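Q: Could you walk me through this model? I'd like to start with the overall layout and then go into the packing.

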Amino acid sequence: MSDMNDQPAQQPRAGAPAGGATAPPQSGPARVPRPAPGYDDYRAAHDAPSGAALGLTLLAAVLMMVTGVLGFFEGLAAIIRGTFFVVLPNYAFSLSAASWGVVHLVLGVLVFFAGVALFADRTWARMVGVALAAFMIIANFVYLPYYPVWAIVVIALNAFVIWALLTPRRA
């Protein structure tokens with residue numbers, strides 16, 4: 001330990017009795033250690049997020065990065081080879097697979113980088129993550145006729161991400 005943060009102990013004044021007993025001679029001034037920062041601060045224990053909230057945030061960040069990469073490759077596949085996707089007939093939304101590919105490509109990149117920013121545990125990254133996950137849910141809902149099972153899986157993952165990012169931070 002270092003004596004740098006220690007402070008000298010209070011010495012009795014010369015000539016004043018020290019409670020009837022004399023103190024043993026010391027080679028130098030006695031040092032009393034200072035309390036650690038936040039020792040008596042009630043707020044210090046409650047400023048940090050709970051372990052569950054931190055774990056949910058990290059899980060949401062990883063899921064956002066995974067869905068972002070998968071959305072990127074889904075969009076890339078739709079752009080490169082749009083005939084791979086079979087479209088159900090008579091669906092309310094009719095856009096080409098290549099146009100949906102561009103949407104998924106851009107959203108995938110944005111969601112991935114929002115997931116990376118969540119590792120810094122910034123408030124703005126949480127808000128951006130919720131907004132992008134909501135856009136990803138809408139895009140996959142409209143993408144249902146192209147790849148229905150996969151779109152439902154991605155919708156469920158993004159719904160979990162929204163729930164995890166909106167979970168209260170304090171215990």
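What follows is a conversation about the fold, the core, a few helices and the surface.

Q: Before anything else, what kind of model is this, and what pLDDT do local features need?

A: This is a predicted model in which local features need pLDDT of at least 70 and side-chain atom pairs count only at pLDDT 80 or more, while totals for chains, interfaces and linings use all residues. Residues are numbered from 1 along each chain as its sequence is written, and side-chain values use heavy atoms, with hydrogens and water left out.

Q: OK, how many helices and strands does the protein chain have?

A: The protein chain has five helices and two strands, where helices (H or I, at least four residues) and strands (E, at least two) are DSSP runs numbered from the N terminus. Read from the N terminus, the order of elements is β-β-α-α-α-α-α.

Q: And what share of the residues is buried?

A: Of the 171 residues in the protein chain, 29% are buried, with buried meaning under 20% relative accessible area, exposed over 50%, and partly exposed in between (1.4 Å probe, protein chains only). Taking contact as heavy atoms within 4.5 Å, 75% of the contacts between residues at least 6 apart in sequence join residues at least 24 apart.

Q: Which residues touch the most other members of the largest nonpolar core?

A: Met 64, Val 161 and Leu 165 do, in a core of 28 residues; helices H2, H3, H4 (123-142) and H5 (148-165) each supply at least two residues of this core. A nonpolar core here is a set of buried Ala, Val, Leu, Ile, Met, Phe, Trp, Tyr and Cys residues joined through side-chain atoms within 4.5 Å. In soluble globular proteins, nonpolar side chains tend to be buried together.

Q: What is Met 64 in contact with, leaving aside its neighbours within four places in sequence?

A: With those neighbours left aside, the contacts of Met 64 include Val 111, Phe 112, Leu 118 and Gly 129, as well as Val 161 and Leu 165.

Q: Moving to H4, what do its buried residues pack against?

A: The buried residues of H4 pack against H2, H3 and H5, and among them are Arg 126, Gly 129, Ala 133, Met 136 and Asn 140.

Q: Switching to loops, where is Pro 89 found?

A: Pro 89 is found in the loop between helix H2 (51-80) and helix H3 (97-118), and it counts as exposed because its relative accessibility is 65%. The C-alpha atoms of Pro 89 and Pro 145 are separated by 8.4 Å, although these residues are 56 apart along the chain.
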